[in-house]
Amino acid sequence: MPAPILATKLYIPPPRPRAVSRPRLIERLDEGLAAGRRLTLISAAAGFGKTTLASEWMAALTLAPGPAPAPAARGKHWKVAWLSLDEGDNDPGRFLTYLIAALQTAAPGVGGGTLAALAAPQPPSQEALLTALLDDLAAFPHDLLLVLDDYHAVESPDVDRAVAFLLEYLPPPMHLAIATREDPPLPLARLRARGQLTELRAADLRFTPAEAAEFLNDVMGLNLSAAEVDALEARTEGWIGRALKSLPQAPAFHLGANNESSPLAVAGAPVRVPITDIPTVEYDPAKLPASVRRLRDQIIAAAASGDFSVSSLATW
């Protein structure tokens, strides 16, 4: 009897209602699809919004066409599938089973023969199984996008070889996207040289000034002036969201308590901004830019003392 499938691994995360919209990044992702590239790689450390961006992209691809001209990638009828990977997917058989289960959410019946062969007492070789799956995908009549999220959880050379084989022979109607904290051991250089790779990295995911203002004022609800946003954006070099997400959980920040000139001070009383909705993320402080590490330490110290003023960032 085959092992049951954990359906939540196949769920596409819904776009977060308070997330910062990233149309410039969505446009770059769309360009890769329109150009017929095989792989999109979104590679950055934890907390850079990789999963959020990928889910926003998938939602945009599946929106009904509107009156305005759509990007070339969205002029097609895209089918989308999602697989969240974890340590258990280092087993090649389990990985292939979940891969096919994810594909079948968008393309019912695809890989059915491969699953049956995989369950046989003596299954065929991995290459034979993947070849049968690719034949099914080649016959699928729609454009198909599959996202493999958290690929960094995979450390199996056999799984890496399976994904590399799929990429080498991927039929034109299909596109693979990988979100990961580190570059996977796949033939990225060859794909790049062939013009088959779209890449978004930490430098691409950093906030623009406009995105920083949207994050601080609309998402965080800080109601900062343009000058204050500029000061914070400059001090974090565009890594505002990551810097704040790395803070310890606390009931609230105290803003402007001792700075009456700050617009955040109201009648001399601190403005309390809840941050309990900021998700906890795993991160390596050594990999943060030096400016972000310094700012993080200063914010923690100021928040602990109840004396944090965004206006004072320019002097830090």
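Leucine 85 is buried, with a relative accessible area of 5%. The model described here is predicted. The chain has 12 helices and 7 strands, and 46% of its 316 residues count as buried. Among contacts in the chain with a separation of 6 or more, 76% are between residues 24 or more positions apart.

**Leucine 85**

- Leucine 85 sits in the loop that runs between β2 (78-84) and α3.
- The cut-off for "buried" is under 20% relative accessible area, so leucine 85, at 5%, counts as buried.
- Leaving aside residues up to four places away in sequence, leucine 85 touches Lys9, Phe95, Leu148, Asp149, Asp150, Tyr151, Ala153 and Val154.
- Lysine 9 is 76 residues from leucine 85 along the chain, yet their C-alpha atoms are separated by 7.3 Å.

**Helix α5: length and sides**

- Helix α5 covers residues 126-139.
- At 1.5 Å a residue, its 14 residues should span 20 Å, and this agrees with the end C-alpha atoms of α5, which are 20 Å apart.
- The residues Leu129, Leu130, Leu133, Leu134 and Leu137 of α5 are buried.
- An α-helix has 3.6 residues a turn, so residues three or four places apart point the same way.
- Asp135 and Ala139 are exposed on the other side of α5.
- The cover over the buried residues of α5 includes α3 (92-106), α4 (112-118), β3 (143-149), α6 and β4 (174-180).

**Helix α5 against helix α6**

- Helix α6 (residues 157-168) packs with α5 at an angle of about 35°, and the two axes are 10 Å apart.
- The crossing of these two helices, α5 and α6, is right-handed.
- On the α5 side, the contact is made by Gln126, Glu127, Leu130, Thr131, Leu133 and Leu134. On the α6 side, the residues are Asp158, Arg161, Ala162, Phe165 and Leu166.
- By type, the residues of the contact of α5 with α6 are 6 nonpolar, 2 polar and 3 charged.

**Helix α2**

- Helix α2 (residues 50-61) has 12 residues, which at 1.5 Å a residue should span 16 Å; its end C-alpha atoms are 17 Å apart, which agrees.
- Because 9 of the 12 residues of α2 are buried, this helix is largely enclosed by the rest of the structure.
- The buried residues of α2 are Lys50, Leu53, Ala54, Ser55, Glu56, Trp57, Met58, Ala60 and Leu61.

Technical notes:
Residues are numbered from 1 along each chain as its sequence is written. This is a predicted model: local features need pLDDT of at least 70, side-chain atom pairs count only at pLDDT 80 or more; totals for chains, interfaces and linings use all residues. Side-chain values use heavy atoms; hydrogens and water are left out. Axes are lines fitted to C-alpha atoms, for helices over the stretch in contact, and angles run from 0 to 180 degrees between N-to-C directions. Helices (H or I, at least four residues) and strands (E, at least two) are DSSP runs, numbered from the N terminus. A crossing is left-handed if the near helix is turned anticlockwise from the far one by less than a right angle, and right-handed if clockwise. Contact means heavy atoms within 4.5 Å. Ala, Val, Leu, Ile, Met, Phe, Trp, Tyr, Cys and Pro count as nonpolar, Asp, Glu, Lys and Arg as charged, and the others, Gly among them, as polar. The expected span of a helix is 1.5 Å times one less than its number of residues. Buried means under 20% relative accessible area, exposed over 50%, partly exposed in between (1.4 Å probe, protein chains only).
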